[in-house]
Every structure is written in C-alpha cells, then in structure tokens.
Amino acid sequence: MTDENLKQTMQEQWQKVRGSFYYPQLPNPKLDENVQNGQLDFRNLQISISPKYLEQLAKQGVSEDVSLNGILGHETGHFIDYPGSVLNLLRLHKIARENLDEEKAFGLRESFLNVQNNTNLVQNKGYESIPVISKPEAVKAQGLDKIFFGLYQELWNKDLGVKLGRKEKGLVKELQKIDYLNKNNQEQNFRKFINIIKDYQTQEQGNQKEKKEQGSQKDSNGNQ
C-alpha cells in the first residue's frame, strides 16, 4: 500500500473510530517512524502510528484497515476512558510507586491501563480488531506479557493462541477476579492487581537468579 493510500485508509478508519466515541475533539492522527507502534501524546493529544508496525502486522495477515481501526481505537480509548486524564495517570503511578521502583511502577501502570482500555473496547464497544491485532504478539509472548495475554484471552473469551501452564492459569484466575471496568474502585483494584503480580515477579526473579547461578557453576566446573 502506498503512503497516500495508507493515509486515506487511516482517515477512513479515524472517522469510524471518532464516531464510536461520539466525535471527540482530537487532531487528525499521523504516521510517524519514531514511535514503536501507536502512541497518544497527552500534551497535544496527537495520536501517532508507526508505518513499520503496520507493515509487521500486514506480514502476519492483518490488513491495514483492521490494524488502523484497532490502534486508533486503543489510543482514543486511553484519552476518553483509561486513564482519561493526566491527573488519573499520575494518581495511578503514585499508587504503583508505593511499593515498586520506577521501572516496575511504570510497567504495571501501563499494563493495568491496557487491560482496562482494551477490555472496554472489546466488551462494550465491539472492537473486533483488538483481538486480531493482539494475536500475533500473544502467540510469542513470554513472562508477564504471556500472563496478560492469557488474561485477555479469558476476559474477552477469544482464542489468542496463548498456552498457559498450571501456575500461569492460577495467576490468570486470580487476575480475572478484578473488576477492571469499575472506575469507582479503580485505585483499590489497581492495588489488588499490583499485589498479585508482585508475588509472581518475585518468584520469577528467584527462578532466573537460580538458573543464572546454576549456569555459572556449570561453566566453572566444565567449561574453562
């Protein structure tokens, strides 16, 4: 697809997305090689989309109109609902920093908001494009990403190709108990989310440390 055709397709999908959100006052989205996939800048409310990301999805069988619909819907959902404002974003980050370092706080804040946002789009707004663009990443996900895609799979009742082990299924089952779309209890639910994931993170870090130590011992004994 040429750049002009891609821009035209983006505008067509943008009008559909705006209509599904009752036409919010946002600037027209743009293609930007400098973003990883899609991005909403809360400073100027600009949505930017990576053409390289669209190419990657196209190679995996996802058409540009479906990709653009999902990405534009996702970024607009962040503006309208989750987090809905910079103030709410900062409030959630402050909660995460109560028990986490900056890197982990940022990661879990973004993961929680994505679960809220994407689930709202799929369950309440009928965005079938969201599971479609999620599946290529879901099937190759590892660690925490695999847990979150497994959670999506259950919350949306969609097969994303995620195969979970017994421990992972147990964790997803605990995460499923959270009412992600309840804005009135958002802070309390975020704390529940963090506490469940913290335990898993601690276990995983311990396992990785043990594997590293075993590998080092093996090298010292047999690989000079």
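**A charged pair and its surroundings**

Modeller: Glu168 is buried, with a relative accessible area of 16%; buried means under 20% relative accessible area, exposed over 50% and partly exposed in between, using a 1.4 Å probe and protein chains only. This is a predicted model, in which local features need pLDDT of at least 70 and side-chain atom pairs count only at pLDDT 80 or more, while totals for chains, interfaces and linings use all residues. Residues are numbered from 1 along each chain as its sequence is written, and side-chain values use heavy atoms, with hydrogens and water left out.

The partner of Glu168 is Lys146, in a salt bridge of 3.6 Å from N to O. The two belong to distant parts of the chain, Lys146 to helix α7 (143-156) and Glu168 to helix α8 (166-176), 22 residues apart. Lys146 is buried, also at 16%. A salt bridge here is a side-chain nitrogen of Lys or Arg within 4 Å of a carboxyl oxygen of Asp or Glu. Helices (H or I, at least four residues) and strands (E, at least two) are DSSP runs, numbered from the N terminus.

By this rule the count is nine salt bridges. One of them joins Glu187 to Arg91, with the closest N and O atoms 3.5 Å apart. That pair spans 96 residues of chain, from Arg91 in α4 (86-96) to Glu187 in α9 (186-222). Glu187 is partly exposed at 33%, and Arg91 is partly exposed at 33%. Glu174 and Lys177 also meet in a salt bridge, at 3.0 Å from N to O. Here Glu174 is partly exposed at 36%, whereas Lys177 is exposed at 60%.

Burial can also be followed along a helix. In α2 (51-59), Pro51, Tyr53, Leu54 and Leu57 are buried. Seen down the axis, these buried residues fall within an arc of 155°, so they line one face of α2; the arc is that of the directions from the helix axis to the C-beta atoms. They pack against α1 (3-20), β1 (30-31), β3 (46-49), α3 (64-80) and α6 (129-138), contact meaning heavy atoms within 4.5 Å. After α2 comes Gly61, with a positive phi near 90°.

In α1, the buried residues are Leu6, Thr9, Met10, Gln13, Trp14, Val17 and Arg18. Their cover includes β1, β3, α2 and α3. Tyr22, which follows α1, has a positive phi near 60°.
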